[in-house]
Amino acid sequence: MSTRARQYDAQVLTRVRVSDHLVRLVLGGPGLAEFESTGVPDEWVGLVVPGQFQSRYYTVRSWDRSALELELDVVVHDVGLVTEWAARDVVGESVTVTEPKGSFAMPEDASWLILVGDLTAMPAMARITASGSVPTFVWAEVPDDLADYLPTYTTVHWLAQPGDGESRLSSVVEEIEWPAGDGYFWMAGESSQMRAIRKHLMRERRLPATAYDVMGYWRANAQRQPRAVDPGPIWRAGKAAGRSDEEIWAAYDEARGS
Ligand SMILES: Cc1cc2nc3c(=O)[nH]c(=O)nc-3n(C[C@H](O)[C@H](O)[C@H](O)COP(=O)(O)OP(=O)(O)OC[C@H]3O[C@@H](n4cnc5c(N)ncnc54)[C@H](O)[C@@H]3O)c2cc1C
């Protein structure tokens, strides 16, 4: 049996600017008839745009099965394969998306949720907060006014972006006042920030690996972007082999090429 991810053809139905750096694309068409959501709120697809062979990953902002409409919110930054395509009027163009995968796995007994991310993480944070059942605290480092993007019942700390591709999220996390009890920490953004945060969670906060999910979504000043890899199987194999948390995360970074 093939282990290749399934692929679906789709057309861009609409393109709307959500904010200065965020464009919403609605994809549709009969090619999506077999598309199934995983239901995991940070699920992503690989997107291949016209004239390209390489994919880039985008969070499923929403999926409407009856209308066969898949919504993606795409960050428009300076240079890049998808960003330059999405910056222009792409309505009517054909793209390919891969079957979705997700990695958010909040334990059932978590009594709070912390979400931290940059603009690329906003679509996932919006879906996670909309599906949430526990008090949720968000730290969002974004260049745009996105006050209406997350549900109003969520506590959001809006952080200005320091500048061109820079991020201060790792130092922000070191200063967070953590709620009492056991909860879940989810974070996504620039890869080097994520590595620093994982070390902090393991060494200073001594969180078990089941209490957090930290994903590098893009790499600053890089030709090659990290692959999106579900940490679950790597984690289980590492534990079964008796490896330490740090050894397992090193294997995860290697699998992602980050
Ligand atoms: C699981 C997952 C989910 C993701 N979900 C989303 C999502 O919903 N929306 C979204 O917009 N992105 C999302 N991303 C991030 C997105 O895949 C990357 O930003 C990707 O590199 C964008 O591709 P590109 O073709 O525009 O730029 P690329 O061709 O990959 O990169 C070109 C240059 O741009 C730089 N660059 C890449 N991304 C950014 C950025 N965001 N800001 C500034 N510089 C950048 C790179 O360092 C590189 O030098 C997700 C990533 C993962 C792994």
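Trainee: What do the buried residues of α2 pack against?

Mentor: They pack against β4, β6, β8 (113-118), β9 (136-141) and β11 (184-190). Packing here rests on contact, meaning that the C-beta atoms of two residues, placed from the backbone, lie within 7 Å. The element names come from DSSP runs numbered from the N terminus: helices are H or I with at least four residues, strands are E with at least two. Keep in mind that this is a predicted model, where local features need pLDDT of at least 70 and side-chain atom pairs count only at pLDDT 80 or more, while totals for chains, interfaces and linings use all residues. Residues are numbered from 1 along each chain as its sequence is written.

Trainee: What makes helix α2 mostly covered?

Mentor: Of its 9 residues, running over 122-130, 7 are buried. Buried means 20 or more other C-beta atoms within 10 Å of the residue's own, exposed means 12 or fewer, and partly exposed is in between, with C-beta atoms placed from the backbone. The buried ones in α2 are Met122, Pro123, Ala124, Met125, Ala126, Arg127 and Ile128.

Trainee: Alanine 130 is in helix α2 too. Why is alanine 130 called exposed?

Mentor: Alanine 130 has 12 other C-beta atoms within 10 Å, so it counts as exposed. The cut-off for exposed is 12 or fewer.

Trainee: And why does aspartate 42 count as buried?

Mentor: Aspartate 42 has 25 C-beta neighbours inside 10 Å, so it counts as buried. Its place is in the loop between β2 (22-28) and β3 (44-48).

Trainee: Which residues is aspartate 42 in contact with, leaving aside neighbours within four places in sequence?

Mentor: Thr59, Gly102, Ser103, Phe104, Ala124, Arg127 and Ile128. Among them, Ala124, Arg127 and Ile128 are also buried residues of α2.

Trainee: On to α4 (191-203). How do you know that its buried residues line one face?

Mentor: Gln193, Met194, Ile197, Arg198 and Leu201 are the buried ones. Seen down the axis of α4, they fall within an arc of 135°, so they line one face of the helix. That arc is taken over the directions from the helix axis to the C-beta atoms. An α-helix has 3.6 residues a turn, so residues three or four places apart point the same way.

Trainee: What is on the other side of α4, and what does the buried set pack against?

Mentor: Lys199 and Arg203 are exposed on the other side. The buried residues pack against α3 (169-174), β11, β12 and α6 (245-256).

Trainee: How does the reach of α4 compare with what is expected?

Mentor: From first C-alpha to last, its 13 residues reach 19 Å, close to the 18 Å expected at 1.5 Å a residue. The expected span is 1.5 Å times one less than the number of residues.

Trainee: Buried, partly exposed or exposed: how do leucine 68 and arginine 206 count?

Mentor: Leucine 68 has 18 C-beta neighbours inside 10 Å, so it is partly exposed. Arginine 206 has 9, so it counts as exposed.

Trainee: Last topic, the ligand. How do you know that it lies between the domains?

Mentor: Domain 1 (7-98) and domain 2 (113-256) both give residues to the shell around the ligand, so it lies between them. Those bounds come from an automatic or database domain assignment.

Trainee: Which residues come nearest to the ligand?

Mentor: Of the 26 around it, Thr59, Val75, Gly80, Thr83 and Trp218 come nearest. A residue is near if its C-beta atom, placed from the backbone, lies within 6 Å of the molecule. The elements giving two or more residues to that shell are β4 (56-59), β6 (69-75), α1 (81-86) and β12 (212-218). β4 gives the most, with 4 residues.
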